[in-house]
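Subject: Structure handover

Hi,

Here is the structure for you to look over. My notes follow below it.

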Amino acid sequence: MAAGIINGGGSTDPNKILPMKYKWARVHYKKGVANNWVPEEVPMQQDVELWKKPGGLSEDERRMILWNLGFFSTAESLTANNLVLAIYRHITNPEARQYILRQSYEEAVHTDTFIYCCDTLGLNPDEIYKMYENIPSIKEKDEFVVDMTKNVFDPSFTTEGTENIQRFVHDLVGYYVIMEGIFFYAGFVMMLSMLRKNRMVGVGEQFQFILRDESVHLAFGADLINTIVQENPEIWTPAFKKELTDNIMKGVELEKKYADDALPRGIVGLTPTTVKQYVEHIADRRLERIGLERQYHKDNPFPWMSEIIDMPKEKNFFETRVTEYKTGELDW
Ligand code: FE
Ligand code: MN
């Protein structure tokens, strides 16, 4: 059997990166490097003034910001741990591993971002870092991802055989498509709406940088999933596709619940209804990207999100249609 992206066996040497088999992995690596940033580059003075000024932010705005800091602060570590401890060892191809190392570094930068936000705004770390235990809508998302990715964490798990390859792809969908591709996006749209209104601009700009990184993580994850399916077509049965679609739809329900909790009443330019429509819209983009059928058929209520992701050099894979992606700059 020829060396594939998993189960290369004796024919894949993880130390021999050239010549390269999966050029897309290299392209994502270079995009990650081109997006390089660190949180300290973003000034926080305006945010500190607004955050501390009595009545500077409405109660609903404060709640929305806290819920998003609470979710992201621990979710970034959860994703980093998944990558390094579980996914990395099963992907033996060297250029794919090079990308995963880059992504792991970016997750460290994201973790650092929330340390920086807590420090500059003077937030109580016990409050922020306990929200994933104390806030049910956050806890449910994290528990869902932990549950969806438990196969890869089993030390005796291998990707040998059809059923195990299916379990692996199942977990990759949980990690890359649901966690990174859906669970971050209600938060992105909320925080970037604030940025557009010139409120909490430092935090907003950091979320914008994270969004750009995450859109590449998601693109890598989708290419990884699609490659495994291509190389192991026997796994792609109607029952397996239905299982993955059902899981993604469960993720969408949890994200909508989170959106209602973080934004119970709506603030200027942002209502729970439009945020939930956005979640459904992006879920369809994710489904299509890994060869599954759309389920929601909703227009994008926030077309400016795609523009933000595309600026200045980042090309987004998901807010645009699959057909455009295929004829775009990345048609290697
Ligand atoms: Fe991240
Ligand atoms: Mn990520």
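I'll start with the metal site. The manganese ion (ligand 2) is held by Glu-107 (OE), Glu-180 (OE), Glu-214 (OE), Glu-214 (OE) and His-217 (ND1), at 1.8 to 2.8 Å. Please keep in mind that this is a predicted model. Water is not among the atoms, so the site may look incomplete.

The donor residues of the manganese ion (ligand 2) follow the spacing E-x72-E-x33-E-x2-H in sequence. Distant parts of the chain are linked here, with Glu-107 in helix H4 (residues 94-121) and Glu-214 in helix H11, 107 residues apart.

Are these two glutamates buried or exposed? Glu-107 has 0% relative accessibility, so it counts as buried. Glu-214 is buried because its relative accessible area is also 0%. The cut-off for buried is under 20%.

Now the overall fold. The chain has 15 helices and zero strands. Its C-alpha trace spans about 65 × 40 × 35 Å along the principal axes. What radius of gyration does the chain have, and what would a compact globule have? The chain has 19 Å. A compact globule of 332 residues would be near 20 Å, so the value agrees.

Of the 332 residues, 58% count as buried. Take the contacts in the chain with a separation of 6 or more: residues 24 or more positions apart account for 79% of them. The chain exposes about 13800 Å². Carbon and sulfur atoms supply 53% of that area.

Helix H2 (residues 45-52) gives a local view of the packing. Asp-47, Val-48, Leu-50 and Trp-51 are buried there. What do the buried residues of H2 pack against? Their partners are helix H3 (59-87), H4 and H11. H4 and H11 also carry Glu-107 and Glu-214, respectively. As a general point, an α-helix has 3.6 residues a turn, so residues three or four places apart point the same way.

Val-84, Leu-85 and Phe-153 make it, with an area of about 280 Å². Phe-153 sits in helix H8 (residues 150-153). Its relative accessibility is 36%, so Phe-153 counts as partly exposed.

Some backbone geometry to inspect:

- Leu-18 to Pro-19: this peptide bond is cis, with omega near -5 degrees. Pro-19 is in the segment before helix H1 (23-34).
- Asn-198: phi is positive, at about 65 degrees, although Asn-198 is not a glycine. The residue is in the loop between helix H10 (185-196) and helix H11 (201-231). Asn-198 counts as exposed because its relative accessibility is 60%.
- His-297: phi is near 55 degrees, again a positive value in a residue other than glycine. The loop here runs between helix H13 (272-289) and helix H14 (303-310). At 54% relative accessibility, His-297 counts as exposed; the cut-off for exposed is over 50%.

That is the list from my side.

Best regards

Methods: Residues are numbered from 1 along each chain as its sequence is written. Chains are lettered from A and ligands numbered from 1 in the order in which they are written. This is a predicted model: local features need pLDDT of at least 70, side-chain atom pairs count only at pLDDT 80 or more; totals for chains, interfaces and linings use all residues. Side-chain values use heavy atoms; hydrogens and water are left out. Patches are made of residues with over 30% relative accessible area and no salt bridge: like charges are joined within 9 Å, nonpolar side chains (Val, Leu, Ile, Met, Phe, Trp, Tyr) within 5 Å. Accessible areas come from the Shrake-Rupley method with a 1.4 Å probe; for residues, only the protein chains shown count as cover. A salt bridge is a side-chain nitrogen of Lys or Arg within 4 Å of a carboxyl oxygen of Asp or Glu. Helices (H or I, at least four residues) and strands (E, at least two) are DSSP runs, numbered from the N terminus. Buried means under 20% relative accessible area, exposed over 50%, partly exposed in between (1.4 Å probe, protein chains only). Donors are N, O and S atoms within 2.8 Å of the metal (3.2 Å for Na, K and Ca); water is not among the atoms, so sites may look incomplete. The radius of gyration is taken over C-alpha atoms; the globule rule is 2.2 Å times the number of residues to the power 0.38. Contact means heavy atoms within 4.5 Å.
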